[in-house]
Number of protein chains: 2
Amino acid sequence: MDKTKPALIEAAPFTPSESAAVYRAIRERRDMRHFCGGQVDTDVLQRLLCAAHHAPSVGYMQPWRFIRIQNHDTRVRLHALVEAERIQTARALGQRESEFMQLKVQGILEAAEVLVVALVDGRERHVFGRRTMPEMDLASAACAIQNLWLAARVEGLGMGWVSLFEPAELAALLGLPEGASPVAVLCLGPVEGYYAEPMLAQQHWAQCEALSGLVFDDTWGEASALFAHQATSSQAKGED
Amino acid sequence: MDKTKPALIEAAPFTPSESAAVYRAIRERRDMRHFCGGQVDTDVLQRLLCAAHHAPSVGYMQPWRFIRIQNHDTRVRLHALVEAERIQTARALGQRESEFMQLKVQGILEAAEVLVVALVDGRERHVFGRRTMPEMDLASAACAIQNLWLAARVEGLGMGWVSLFEPAELAALLGLPEGASPVAVLCLGPVEGYYAEPMLAQQHWAQCEALSGLVFDDTWGEASALFAHQATSSQAKGED
């Protein structure tokens with residue numbers, strides 16, 4: 001089936017100390033909303049974007065584009081878009097409106113850097129892996145953002161993904177072409193510290209689900225034998 | 001604005017050796033299609049799923065569910081679904097049909113483990129971060145899959161994300177409830193080695209884009225000053 005035999009590099013497991021570092025980044029990464037100004041060095045920002053660009057993508061389409069907000073006025077307008085959607089979301093939440101309004105949901109004005117991630121225009125040309133699921137380009141961009149998030153943890157920076165905005169309005173603000181679509185406003189920069197737990201768990205907005213309840217064998221709802229003996233252990237729990 | 005001051009842990013950068021390990025995982029992770037049987041130890045699979053569950057999620061909704069395919073007959077049917085979509089995709093590709101048909105696009109029958117990732121039912125209840133962009137739950141699940149992918153690299157295992165299937169047919173095969181939706185068939189297990197470059201680059205399906213062309217300042221199309229002096233350097237390039 002293969003056109004040619006692909007060139008390979010060795011697939012050895014990482015050393016224990018390397019493994020510990022990667023799992024630590026995964027465990028300590030947080031969706032941050034509190035920032036403390038400062039700045040992100042140019043070489044650090046380049047490393048973070050390079051990490052994002054190493055993400056996998058459906059049909060290797062690399063659909064991600066990054067818009068770095070440098071202009072203060074643009075940042076202020078972006079903040080206003082998010083604030084407007086925060087009010088709309090609060091109203092749509094009904095019973096939880098006032099609880100939601102007490103949460104800090106973005107740090108656009110305080111973060112050292114604001115990056116908008118958008119999907120490229122012309123995506124309809126990419127059929128590989130997207131004929132039945134065109135939304136797979138968003139999945140690829142999310143993998144890139146997760147890489148960026150983990151790299152930010154490595155660098156001691158905080159990052160938050162804000163999705164409270166009207167995409168059409170944000171697209172207009174940044175001059176996106178027809179077919180391109182913003183998917184994330186990323187706040188990035190120095191923080192006083194990371195939340196010890198996900199902020200929305202700390203604030204009792206939602207609880208961490210036990211992993212054992214999220215894994216099935218063969219059929220939806222059939223609890224996996226993988227966690228049969230440790231449904232309540234700490235290993236079966238995750239955070240943020 | 002905050003309900004309470006969140007509890008924080010220290011946000012120090014990783015040590016150089018820890019940093020190198022995380023960036024190495026990001027760099028060497030590949031979307032694998034070639035597997036060589038074998039098995040994944042139970043404790044390793046638990047660690048991988050725990051890493052996935054540490055992903056961020058919109059409004060902390062944790063929308064991901066994992067279905068481990070244990071039954072051989074189910075795996076064979078799943079393989080048939082993907083094969084059927086492979087043919088449909090090839091036809092839809094027109095000029096590139098025969099080129100596509102020569103690519104290896106899945107390793108469902110050879111991989112030690114097959115996991116289906118699905119979005120939970122009842123997602124319409126989650127409005128936080130999703131009022132204008134309901135697809136953000138898929139983005140969260142993709143972050144979880146990226147964590148799993150990086151952890152698989154750490155463990156010396158290969159992983160591939162297959163999105164060549166009709167979601168309704170896969171949902172029926174696995175008994176998904178109304179509203180739940182499969183987003184990934186993950187092939188996971190031992191491999192002979194990792195592709196030295198992304199397989200679709202090796203096979204000339206697509207080329208790696210220069211990162212400098214994907215980053216703008218303030219407005220779509222305005223090349224970022226961040227890469228002004230290194231548009232052609234290797235640091236500005238990424239892979240897979």
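H5(A) passes H5(B) in a right-handed crossing; a crossing is right-handed if the near helix is turned clockwise from the far one by less than a right angle, and left-handed if anticlockwise. The contact of H5(A) with H5(B) has 8 nonpolar, 4 polar and no charged residues. Here Ala, Val, Leu, Ile, Met, Phe, Trp, Tyr, Cys and Pro count as nonpolar, Asp, Glu, Lys and Arg as charged, and the others, Gly among them, as polar. This is a predicted model: local features need pLDDT of at least 70, side-chain atom pairs count only at pLDDT 80 or more, and totals for chains, interfaces and linings use all residues. Residues are numbered from 1 along each chain as its sequence is written, while chains are lettered from A and ligands numbered from 1 in the order in which they are written.

**The H5 pair**

- Helix H5 spans residues 136-154 in chain A and residues 136-154 in chain B. Helices (H or I, at least four residues) and strands (E, at least two) are DSSP runs, numbered from the N terminus.
- The two H5 helices pack at an angle of about 55°, with their axes 8 Å apart. Axes are lines fitted to C-alpha atoms, for helices over the stretch in contact, and angles run from 0 to 180 degrees between N-to-C directions.
- That angle makes H5(A) oblique to H5(B). Angles under 35 degrees count as roughly parallel, over 145 as roughly antiparallel, 65 to 115 as roughly perpendicular and the rest as oblique.
- On the chain A side, Leu138(A), Ala139(A), Ala142(A), Cys143(A), Gln146(A) and Asn147(A) take part. They meet Leu138(B), Ala139(B), Ala142(B), Cys143(B), Gln146(B) and Asn147(B).

- Ser19(A), Val22(A) and Ile26(A) in H1(A) touch Asn147(B), Leu150(B), Ala151(B) and Val154(B) in H5(B). This contact divides into 5 nonpolar, 2 polar and no charged residues.
- Within chain A, the axes of H1(A) and H5(A) come within 9 Å and cross at roughly 105°. H1(A) and H5(A) are therefore roughly perpendicular to each other.
- Ala25(A), Ile26(A) and Glu28(A) in H1(A) meet Leu150(A), Arg153(A) and Val154(A) in H5(A). The residues here are 4 nonpolar, no polar and 2 charged.

**Symmetry and the interface**

- A rotation of 180° with 0.0 Å of shift along its axis superposes chain A on chain B, with an RMSD of 0.0 Å. Copies are superposed by least squares on the C-alpha atoms of residues with pLDDT of at least 70 in both.
- That is the relation of a two-fold axis.
- The same surface serves both copies: 98% of the contact residues of chain A recur in chain B.
- In all, 118 residues of chain A are in contact with 116 residues of chain B. Two residues are in contact if their C-beta atoms, placed from the backbone, lie within 7 Å.
- H5(A) gives the most to the side of chain A that touches chain B, with 11 residues. That side holds 68 nonpolar, 30 polar and 20 charged residues.

**Sheets shared between the chains**

- One open sheet has 5 strands in the order S4(A)-S5(A)-S3(A)-S2(A)-S7(B), with mixed pairing. Two strands pair if DSSP finds at least two bridges between them.
- S4 (158-162) of chain A and S7 (215-217) of chain B stand at the edges, each with a single partner strand, so one side of each is left without a neighbour in the sheet.
- Neighbouring strands of this sheet are turned by 25° against each other on average, direction ignored.
- S2 (residues 64-68) of chain A pairs with S7(B) in the parallel sense over 3 bridges. Phe66(A) has Val215(B) as its bridge partner in S7(B).
- Another open sheet of 5 strands runs S7(A)-S2(B)-S3(B)-S5(B)-S4(B), again with mixed pairing.
- S4(B) pairs with S5 (residues 181-189) of chain B in the antiparallel sense over 5 bridges. Gly158(B) stands opposite Gly189(B) in S5(B).
- S6 (residues 194-195) of chain A and S1 (residues 8-9) of chain B form an antiparallel pair over 2 bridges. Leu8(B) in S1(B) is the bridge partner of Tyr195(A).

**Chain A overall**

- Chain A has 7 helices and 7 strands.
- Its C-alpha trace spans about 50 × 50 × 40 Å along the principal axes.
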